[in-house]
Amino acid sequence: MAGEDEATDLRGFMPSKDTYTSLKADVDLGLALQELIDNSIDAWERRSGGSVPMSVEIETNSSVRGPDLVIRDDAGGVPQEQAPILFALGRNAQTAGAGSIGTYGLGAKKALVNLGVPCTVASWDEDEEVGWEYTITREWLDDDATWKVPVTESEELEPGVTELRIETLSYDWSDERSETVRARLED
């Protein structure tokens, strides 16, 4: 693997980060949540073939900034070397097999940016010693020159868990449209 000094700089050939915000145009609250749940199901299928139980939890919390949203699954976690897949445009799990729900590597990115920024992606692969996390901020999205996101070690989660935290939800979780989504999620 080439070191960073030997790497070719492709930033001039990368899309602008405006691509992230333009992706959200066709995603509403229900579709965004559905996409993230579908990703959890795909990860569970890849890891266990659906042979072990898995759960997805969605919770909101009130904060000074407004409502926060947390989506957490126990599908086995994501190895740290795959951390960029969860937010890099056009990237998805290389091991996605037949029957996988998501294939284009855009859905989760669209969903996360649509739900709100900043958002934190965190996971602890059940086969690793420690978990990891990174946060996508508005400042990061506005800076086309910076494509690196600091990934830090984290022991905040249990092994096997992945969590997406949207710290400033773009939706009013108490309005009528959100009420319909909440009712569907509770079924």
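**Aromatic pair, central strand and core**

In this predicted model, the count of aromatic pairs comes to one.

Me: What makes Trp132 and Tyr134 a stacked pair?
Reply: The ring centres of Trp132 and Tyr134 lie 5.8 Å apart, with the planes at 10 degrees. Rings pair if their centres lie within 6.5 Å, and planes under 30 degrees apart count as stacked. The pair is therefore stacked.

Me: Are Trp132 and Tyr134 buried or exposed?
Reply: Both Trp132 and Tyr134 are buried; that term requires under 20% relative accessible area.

Me: How do you know that strand S3 is mostly covered?
Reply: Five of the five residues of S3 are buried. Cys119, Val121 and Ser123 lie on one side, while Thr120 and Ala122 lie on the other.

Me: Why is S3 said to pair with S4 and with S6?
Reply: Two strands pair if at least two bridges are found between them. S3 and S4 have five bridges, in the antiparallel sense, and Ala122 has Glu133 of S4 as its bridge partner. S3 and S6 also have five bridges, again antiparallel; here Ser123 is partnered by Thr162.

Me: Which residues have the most contacts inside the largest nonpolar core?
Reply: They are Leu36, Leu69, Leu112, Leu115 and Ile166, in a core of 25 residues. Elements giving two or more residues to this core include helix H2 (29–48), strand S3 (119–123) and strand S6 (162–166). In soluble globular proteins, nonpolar side chains tend to be buried together.

Methods:
Residues numbered from 1 in each chain as written. Predicted model: local features only at pLDDT ≥ 70, side-chain atom pairs only at ≥ 80, totals over all residues. Heavy atoms only, no water. Core = buried A, V, L, I, M, F, W, Y, C linked by side-chain atoms within 4.5 Å. Buried < 20%, exposed > 50% of the residue type's maximum accessible area, 1.4 Å probe, protein only. Helix = DSSP H or I, 4+ residues; strand = E, 2+ residues; numbered from the N terminus. Phe/Tyr/Trp six-rings, centres within 6.5 Å; stacked < 30°, edge-to-face > 60°.
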